[in-house]
Amino acid sequence: MPVALLTDFGTADYFVGAMKGVILATAPDTRIIDITHQIPPQDIQAAAFTLLAAYPAFPPASVHVVVVDPGVGSERRPIVVEAGEQIFVGPDNGVFGYVLDREAEARAYRLDDSRFFRHPVSATFHGRDIFAPVAAALAAGAAPAEMGPPVAHPVRLPPLRPSRGADGTLQASIIHVDHFGNCITSITRDDWPAGEDSEMELRVGGSTIRSVRRFYAEAGAARDEVFAIWGSAGFLEISVDGGSAEERLGIRRGAAVRLRFGAAD
Amino acid sequence: MPVALLTDFGTADYFVGAMKGVILATAPDTRIIDITHQIPPQDIQAAAFTLLAAYPAFPPASVHVVVVDPGVGSERRPIVVEAGEQIFVGPDNGVFGYVLDREAEARAYRLDDSRFFRHPVSATFHGRDIFAPVAAALAAGAAPAEMGPPVAHPVRLPPLRPSRGADGTLQASIIHVDHFGNCITSITRDDWPAGEDSEMELRVGGSTIRSVRRFYAEAGAARDEVFAIWGSAGFLEISVDGGSAEERLGIRRGAAVRLRFGAAD
Amino acid sequence: MPVALLTDFGTADYFVGAMKGVILATAPDTRIIDITHQIPPQDIQAAAFTLLAAYPAFPPASVHVVVVDPGVGSERRPIVVEAGEQIFVGPDNGVFGYVLDREAEARAYRLDDSRFFRHPVSATFHGRDIFAPVAAALAAGAAPAEMGPPVAHPVRLPPLRPSRGADGTLQASIIHVDHFGNCITSITRDDWPAGEDSEMELRVGGSTIRSVRRFYAEAGAARDEVFAIWGSAGFLEISVDGGSAEERLGIRRGAAVRLRFGAAD
């Protein structure tokens, strides 16, 4: 089965290539896919979001290796998680938090059996010496439960759920800004009342947005309008047709978003 | 057969990984190759040039997926093109224009049969939901004609051909600047008169170039000379040995190039 | 067997994709792995270091293609090297120098037999026209000795070995700075006296470092301390937990490093 890699290693060093060499040494027929290696260094939340957005596109039994690992070599546990018919390998530091929020059925195991590791295990590069060879063994058919004892409570992150203010306003945030400058909010369709598609008011960074489009390029729409749109990861996004919403609004990840429904007063 | 990907998605998001996951879900044995994901956002001409330069290196029946798609979700048609023994999948917005200029025999079909799509089809990410699964089906053996009705006239771009001025001067332009700063012109060997290899005068950005080299590093040549050379994509390029012609000449893509042959007056 | 690519081509052009297309045309079942394409343009030493750090992770009989080739088309020889149970293909300009320093048993051959090339061979892109098709042939089972006559003395680089000053001080240098800002020195465990783990003084860029950690994040250690650590490529590295040692010390590749052991006076 495929092995998908998600790291903060960048692509200028030997790190990613070395992980792939180790995977092919154990599982020569595996397809290795890069999700990205450009997670900002040690940004666990960014890795967790990107994994959440990517994994549903993969076939069952794919092995996702996530190495964003500020605590490499320290006390944090290396784990494998079975969830949503897929397998996830990496440090137990929250990178699997959003997947665990979504998948009710999940089992986790500590990577304890060093027969699956590459030796000698370095103190600084568990991606090459622990996570890659374990992923290769799993891709070649080993069971997650073979790797070590169960982990009852893998580390979670604060969930990506808006809260509701006293006045009924949804209080959300920008959880990701993509390559095109689209700003992804934490709002999902579950937060959206039935039958109120057209009447909403979204405030972010001093701007107010009232339009929800179906397509980026909508016939008759003003080209420089800032609008909301349901994005491909299932979240409401803020966009500009042919431009960067991030630049237009002057906002960044973490910016507060306020949303209310119904006609304005 | 291999599937080659060419997009403006960058490599920091989940977009490319999601497309690859979808391809492997349908065609688990396919080799997936990245041409590049760094086409400037929504730059159809740049995608068309890069595709033109890359596709001749691929084996017959390779499937090239091009997703540079400013009009995603709008009226533009998704198509598949058979040309030059290869298969091309993407939006009908001109990205296949230069391939169509070169390949006399080409057939195009609209991607109309949603059985080949990933469902639900999002409004914003046809790369994942239409182009990737269709490419996987084609790589797995489906025929382009199964995808939908013929498209008689796929969208073209202004062709990459110099024009000839009244005084016989070739009027060309810089169509690409590569990673090393080499400036690729629209001039091909078809534009070059037989037997006049040594006598030419090329003007671009205020500079005049009279030397056509065979190699970047030519014995006896001045290291900082700006020269012309036949590049690997079949076009005349402007280069500096060990440096960037783009920086030296202060030019950019689109700059006008004037070329005349014969001894200077 | 896998083919691993290491170039200075960047990833924005068609260069890498074209090489991969050529490889798959000859060896359709080969796994192609990118080490990196972000070697600084024409930086032979950087390519040689990255290759040295990456190749031990690969399975026997892997084919490593290195194209950092300032002299493409000129007199420099194209070669294949057998060393350390692996195969290396590229220009004979020093890119294999560090591998040759490490592997006692090595044989090199000139790429002379044009039956293995892609035709016509361009003057500017031997990556596509010579190195990729030769690598594919080797991956498909051809023997290095089939490629051409032996090369007795492939080009070497000044070796990565510290020298010892009159006062016993090791005189080394920074040979690489990685994505996280870790500064890799030329010091290996062979340079380290037995039993003197704790007492050392390392000077670089005006700073003095006395701590050698086992992990980046060590319990009880000051988070902003600059420390030394044995890195994953076998060299002593200079690091800051959660930050960039390069920025903290204001140093770059090539910076001098002085190391002495024993208690300070």
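Entry 1: I began with the word "buried". A residue is buried when its relative accessible area is under 20%. The model I looked at is predicted. I kept both points in mind for what follows.

**Entry 2: helix α2 of chain A.** I looked up residues 44-54 of chain A, which form helix α2. Of its 11 residues, 10 are buried, so under the 20% cut-off the helix is mostly covered. I listed the buried ones. Among them are Ile44(A), Phe49(A), Thr50(A), Leu51(A) and Leu52(A). The list also includes Ala46(A), Ala47(A), Ala48(A), Ala53(A) and Ala54(A). An α-helix has 3.6 residues a turn, so residues three or four places apart point the same way.

**Entry 3: helix α4 of chain A.** I moved on to residues 126-139, helix α4 of chain A. How many of the residues of α4(A) are buried? The count is 14 of the 14, so α4(A) is largely enclosed by the rest of the structure. I then checked the course of α4(A). The helix bends by about 30° at Ala132(A). A proline, Pro133(A), follows within four residues. Just after α4(A) comes Gly141(A), with a positive phi of about 120°.

**Entry 4: chain A as a whole.** Chain A has five helices and 15 strands. It has 265 residues, and 61% of them are buried. Its C-alpha atoms fill a box of roughly 65 × 35 × 30 Å along the principal axes. I also looked at contacts in chain A with a separation of 6 or more. Residues 24 or more positions apart account for 66% of these.

**Entry 5: cysteines.** I searched for disulfides next. A disulfide is a covalent bond between the sulfur atoms of two cysteines. Is Cys183(A) buried or exposed? Cys183(A) is at 0% relative accessibility, so it counts as buried. Cys183(C) is also at 0%, and therefore counts as buried.

**Entry 6: how the copies relate.** Two copies of a chain are related by a rotation about an axis and a shift along it. I looked up chain C and chain A. A rotation of 120° with 0.0 Å of shift superposes chain B on chain C, at RMSD 0.0 Å. In chain B, the nearest C-alpha to the axis is that of Arg31(B), 4.6 Å from it. Of the contact residues of chain B, 3% recur in chain C; the copies use different surfaces.

**Entry 7: where chain C meets chain A.** The contact takes 30 residues from chain C and 33 residues from chain A. About 2500 Å² is buried between them, and carbon and sulfur atoms give 57% of that area. Which residues of chain C lose the most area to chain A? They are Arg31(C), Phe180(C) and Ser232(C), together 26% of what that side buries. I looked for salt bridges across this interface, and the rule finds zero. Only 3% of the interface residues of chain C are also interface residues in chain A, so the copies meet through different surfaces.

Notes:
Residues numbered from 1 in each chain as written. Chains lettered and ligands numbered in written order. Predicted model: local features only at pLDDT ≥ 70, side-chain atom pairs only at ≥ 80, totals over all residues. Heavy atoms only, no water. Buried < 20%, exposed > 50% of the residue type's maximum accessible area, 1.4 Å probe, protein only. Bend = angle between axes of the 7 residues up to and from the residue. Helix = DSSP H or I, 4+ residues; strand = E, 2+ residues; numbered from the N terminus. Contact = heavy atoms within 4.5 Å. Buried area = accessible area lost by both parts, 1.4 Å probe. Salt bridge = Lys/Arg side-chain N within 4 Å of Asp/Glu carboxyl O. Least-squares fit on C-alpha atoms with pLDDT ≥ 70 in both.
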